Amino acid sequence: MEHNVVIAGFGGQGIMLIGELLARAGMEQGKEVTWLPSYGPEQRGGTAHCAVVIADEPIASPLLPEPQAAIVFNRQSLDKFEPAVEKGGLLVVDATLIDHKSERSDITCVYIPATDIALQLGNSKFTNMVLLGAYLGKANPIPLESVLAALPVFLTGKKATLVEVNRRAIQAGLDFVSKP
Amino acid sequence: MSEKVLMKGAEALAEGAIRAGCRFYFGYPITPQNETPEYMSRRLPEVGGRFVQAESEVASINMVYGAACAGVRVMTSSSSPGISLMQEGISYISGSGVPCVVMNAMRGGPGLGNVAPAQADYLQAVKGGGNGDYKRIVLAPASIQEGVDLFVDAFDLADKYRMVVMVIVDGLIGQMMEPVEFKTTVDVNALKKPDWATTGRHGRDHANIISSLMMDTATLEKWNLELQAKYAQVAATESRIEEYEMADAEYAIVAYGTMARIAKTTVRTARARGIKLGLLRPITVWPFPTKQLQKYVGQIKGALTVELAYRQLFEDVELALCGKVPLGWYGRGGGVVPGPQEILAAFEEQFGKGR
Amino acid sequence: MAEEMKVIYERPKSWANKVTHYCPGCTHGVAHRLIAELVDEMDLIDKTIAVWPVGCAVFGYEYFNFDSVEAAHGRAPAMATGIKVTNPDNFVFTYQGDGDIASIGMAEVVHAAARGWPITVIFINNGNYGMTGGQMAPTTLLGQKTTTTPMGRAPQLNGYPIRLPEMLAQLDGPAYIARVSLDSPVNIRKAKAYMRKAFNAQIRGIGFSLVECLSTCPTNWQLTPVESMERIRKEVMAYYPLGEFKVAEGVL
């Protein structure tokens, strides 16, 4: 069994972080994981992305030319990764920042006003967690609890107080996609 | 006690080197391996080691040379253009017969190229580079875990043969994160202090001299013959390969490092389609696992070399199998990394559907 | 009678009993001898690692009884840095000619000086590439004929000579920088005194030290040994003044 996802957006939107969070939680679940970022000049402006694979077997290629899922934080990322998602795959879109709908009918698209939801929680910085929650709710690559449990690893020092609100952001994203 | 930690390749490899007993690191910044010197700069002082940022790669490798003369475990790392600048030093170190480890996170070339993953320094690493008849042992891990494990071997081999051991990776291995376990921690105090090192006489009844200069032709030829004998021994005993799904394979992909890892997915996909494809993955690219490849002469109907370069690895595959197995080649350059499907398509184009 | 005898001269213990390959009248031998005497007098033979250059002194390690390594051209300060960090208590010096240090190895010496770590550089300036047959060096004087400046060094074509000690003395890293001459007994005694300070700067852990030695190259200058010494006094010293350019506190 393998789950994989590309997470893409502007640098500074917490893209790498939720990818790492996912990988970390997967590792704690005893899974094989890889986290592969875009790097070099790419990371200085424009879009950044990372590819996360969570699997039961040792992972061969960490590349995701056709990911099972893509979480996109901006229009450029949507344009880049929407065509790449495999047939039957999943596209998670921040509908607050992207007013564009996919024309593909062979994938599941989730449009979630993630930035709005994050603002309701107090800060647009939680957008990444809302989107992660939406992805977890739809794809269920690993149990939600494992992701919530891994949060404190990334929020240390002054940020430790933010663990709870980040948890709520993930839950909010998950709740959004779980609505009937 | 060891447990799995999630680490970036460039940092995990640095930690792997430290666990292998590396206490001295000299380097100069270059992408895509800056996390390695950065990690060394904060970690080495914690274990009683020293990190030095040199003024150039030329200086780095010569600082390594100096430390290597003292018989300590020492390394540098860089990426393609920086490794080119180090070739002089690598030749001198090889000519002097002192041990060190050099890591190359290969990037797209020639020239400044780019920082994306490539394997275009293959021939430089395994055949050439600096002047003179010398060889390095070249290790090519395909995962972070393997890289960490191989670092212990890298330093052991360097010390055993008094040779330069090169670890070749690329930006993909350097930048990705995987769970990694540090299984071995070498006790540096337990390492044997070499009797040839220039550490000051301190009561020794003779002076130690380390030099690659031998003006007398007979002396230099004799030294060359000693080196050749050593290389022959290394070639006979130290080559390694991973043979994946080869037991009943009718075709093989030959690839190393990152490319091999991606090709492994190709093999799985091909197998799911009923194609009996396997993977031959050299772990040492020098010494090249020629004999291990030749074992499949008579079994396989074709071998496709796949690399992030233009017919460099292919030269060695050709030397091993030419005329005995039909050969194919597929490669991408400039930092472009082909996916598993692209490799499968190349295989099918060159060998049919493999059935 | 025996009790009245005393040793007034002997071969330094650091000095290997060998005939050097240097040309008659060349002052490399003098510089070597001074190093050997100082290593003995300062009891450094067990702690010394010398780093030899590419150039006339390429075989330098043959002539001493302490540990030595042979560097690539110009890289001696980098190699010395690598040696020194592995064993900071050892005494590490490089011995470099003008081409080695001020041309191909300029970056290495500047950065070694800037780091300021206690290593010592003995720099032999004889104004040309002696080993390769007398080509222009970075220290070749204006107007001086060499095999690559057959009409004499012209600034328009060949640029200007480099005064390395003055240059390095601008840096904060070095503890001791000086220029001496090996042309006469009085200057040789002074050279030894300055070299002792340079050695001390390292031993006392104060910092980087360098002593430039104005030297002869009778073969390539096509002068007799005596004429060569006179040339140093008349022409070379006029461009390269002797003296101390940097003496940090604590250097004795």
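User: Hi! Which residues in helix 10 of chain B are buried?

Analyst: Hello! In this predicted model, the buried ones in helix 10 of chain B are B:Gly257, B:Thr258, B:Met259, B:Ala260, B:Arg261, B:Ile262, B:Ala263, B:Lys264, B:Thr265, B:Thr266, B:Val267 and B:Ala270. That makes twelve of the helix's 16 residues, so helix 10 of chain B counts as mostly covered, given that a residue is buried if 20 or more other C-beta atoms lie within 10 Å of its own.

User: What length should helix 10 of chain B span?

Analyst: Helix 10 of chain B covers residues 257-272 and should span 22 Å at 1.5 Å a residue. Its end C-alpha atoms are 23 Å apart, which agrees.

User: And what follows helix 10 of chain B?

Analyst: B:Gly274 follows it, with a positive phi near 90 degrees.

User: Switching topic: which pair of chains shares the most contacts?

Analyst: Chains B and C do, out of the two pairs in contact. On the B side 34 residues take part, and they meet 30 residues of chain C.

User: Which part of chain B gives the most there?

Analyst: Helix 3 of chain B, with nine residues on the side that touches chain C. Strand 2, strand 3, helix 5 and strand 9 of chain B are also among the elements that each supply at least two.

User: How do the residues on that side of chain B divide by type?

Analyst: There are 18 nonpolar, twelve polar and four charged residues on the side of chain B that touches chain C.

User: Which strand of chain C is joined to strand 9 of chain B?

Analyst: Strand 2 of chain C, residues 67-70; the two strands run parallel and are joined by two bridges. B:Ile210 has C:Val69 as its bridge partner.

User: How far apart are chains A and C?

Analyst: Their nearest C-alpha atoms are 28 Å apart, and the two chains do not touch.

User: Now strand 3 of chain C: why is it largely enclosed?

Analyst: Because seven of its seven residues, 91-97, are buried, the rest of the structure largely encloses it. In a regular strand, side chains alternate between the two faces of the sheet. Here C:Phe91, C:Phe93, C:Tyr95 and C:Gly97 lie on one side, with C:Val92, C:Thr94 and C:Gln96 on the other, and both faces are covered.

User: Which strands does strand 3 of chain C pair with?

Analyst: Strand 1 of chain C pairs with it in the parallel sense over four bridges, with C:Thr48 opposite C:Phe91. Strand 4 of chain C also runs parallel to strand 3, joined by five bridges, and there C:Ile122 is the bridge partner of C:Tyr95.

Technical notes: Residues are numbered from 1 along each chain as its sequence is written. Chains are lettered from A and ligands numbered from 1 in the order in which they are written. This is a predicted model: local features need pLDDT of at least 70, side-chain atom pairs count only at pLDDT 80 or more; totals for chains, interfaces and linings use all residues. The expected span of a helix is 1.5 Å times one less than its number of residues. Two residues are in contact if their C-beta atoms, placed from the backbone, lie within 7 Å. Two strands pair if DSSP finds at least two bridges between them. Ala, Val, Leu, Ile, Met, Phe, Trp, Tyr, Cys and Pro count as nonpolar, Asp, Glu, Lys and Arg as charged, and the others, Gly among them, as polar.
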